[in-house]
Amino acid sequence: MNAPFFPVIDIEYIDAYPWSILPPRSGNTGPFEEWENIKAWAREEAEDLWLDRELDPGPNGIDFVAGTLERCAEAFSPHGSDHWLFLHLDHPTDLPLPVLAAIGPSDGPRVETLRALTLADDSTAAEPPVVKTFKARNLGEGLTTFRYVPQADSPHLLACIRYAWQISEHGADIVLWTATEDVARIMHASEDLEHLAHTLDIFVP
């Protein structure tokens, strides 16, 4: 029988702007109350997005954004998933860029594990992935990759960014990832994504 795994992802130090954050639907810390009525969460979050950015939503802005957030929640955090979901939006009506973060028990050597989690040796990539070490403020030194991946059902390449860390004192691996066909969108969000990687943390209840 596997030993209990207690570490969880800690978002205490993450700046809420420009993220709409949804916690896991299952796992050690899930489900959170947001998932009891995701429609209500989406509407409240939409109202806050317009208010925080001091913008006028007009007659349909809140409904439009709430619908987008609800669809993203169900699409990127299906029932039973145990990852965090961060939706990147500068303007409330932006198409959100989904960023996901997951944690699990370490089960291999550090270098090999980080390369596997970041897909640093992805043979399906359109060109060799760009692989770099990355020292995060809270999680320490990890690995990050950027790569373009062909899609079987689309002529467009996916632009993919991944970060990964192995936290030896807690026996935990953490991976943060996103992917989109919109290369300009991921480049625009890259600074915020890097800041997210710096402020992500680990907590042992």
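This is a predicted model: local features need pLDDT of at least 70, side-chain atom pairs count only at pLDDT 80 or more; totals for chains, interfaces and linings use all residues.
Q: Thanks! So where does D182 lie?
A: D182 is in the loop between β8 and α4, and α4 covers 183-199.

Q: Which backbone nitrogen does the D182 side chain reach?
A: That of R185, at 3.1 Å.

Q: And how many residues apart in sequence are D182 and H156?
A: They are 26 residues apart in sequence, and their C-alpha atoms are 9.1 Å apart in space.

Q: Let's move to T178. Which strand is T178 in?
A: T178 sits in strand β8, which spans residues 172-180.

Q: Why does T178 count as buried?
A: Its relative accessible area is 2%, and buried means under 20%.

Q: What is T178 in contact with, leaving aside neighbours within four places in sequence?
A: The list is L97, P98, V99, A159, C160, I161, I186 and L193. P98 turns up again for the T178 side chain, which reaches the backbone oxygen of P98 at 2.6 Å.

Q: Nice. Zooming out, how many helices and strands does the protein chain have?
A: Four helices and nine strands.

Q: In what order do the elements run from the N terminus on?
A: The order is β-β-α-α-β-β-α-β-β-β-β-α-β.

Q: What about the overall dimensions, say the box that the C-alpha atoms fill?
A: Roughly 55 × 45 × 30 Å, taken along the principal axes. The radius of gyration is 17 Å, which agrees with the value near 17 Å for a compact globule of 205 residues.

Q: What percentage of the residues count as buried?
A: 46% of the 205 residues do. As for the surface, the protein chain exposes about 11000 Å², and carbon and sulfur atoms supply 53% of that area.

Q: How many positive and negative side chains are there?
A: The protein chain has 13 positive and 34 negative ones, and the centres of the two sets lie 5 Å apart.

Q: Last one: what share of the contacts with a separation of 6 or more comes from residues 24 or more positions apart?
A: Such residues account for 61% of those contacts in the protein chain.

Note on methods:
Residues are numbered from 1 along each chain as its sequence is written. Side-chain values use heavy atoms; hydrogens and water are left out. Helices (H or I, at least four residues) and strands (E, at least two) are DSSP runs, numbered from the N terminus. The radius of gyration is taken over C-alpha atoms; the globule rule is 2.2 Å times the number of residues to the power 0.38. Buried means under 20% relative accessible area, exposed over 50%, partly exposed in between (1.4 Å probe, protein chains only). Contact means heavy atoms within 4.5 Å. Accessible areas come from the Shrake-Rupley method with a 1.4 Å probe; for residues, only the protein chains shown count as cover. Lys and Arg count as positive and Asp and Glu as negative; His and the chain ends are not counted. The place of a charge is taken as NZ of Lys, CZ of Arg, CG of Asp or CD of Glu. A polar contact is a pair of N or O atoms within 3.5 Å; within protein, one must be able to donate a hydrogen and the other to accept it, and residues adjacent in sequence count only if both atoms are side-chain atoms.
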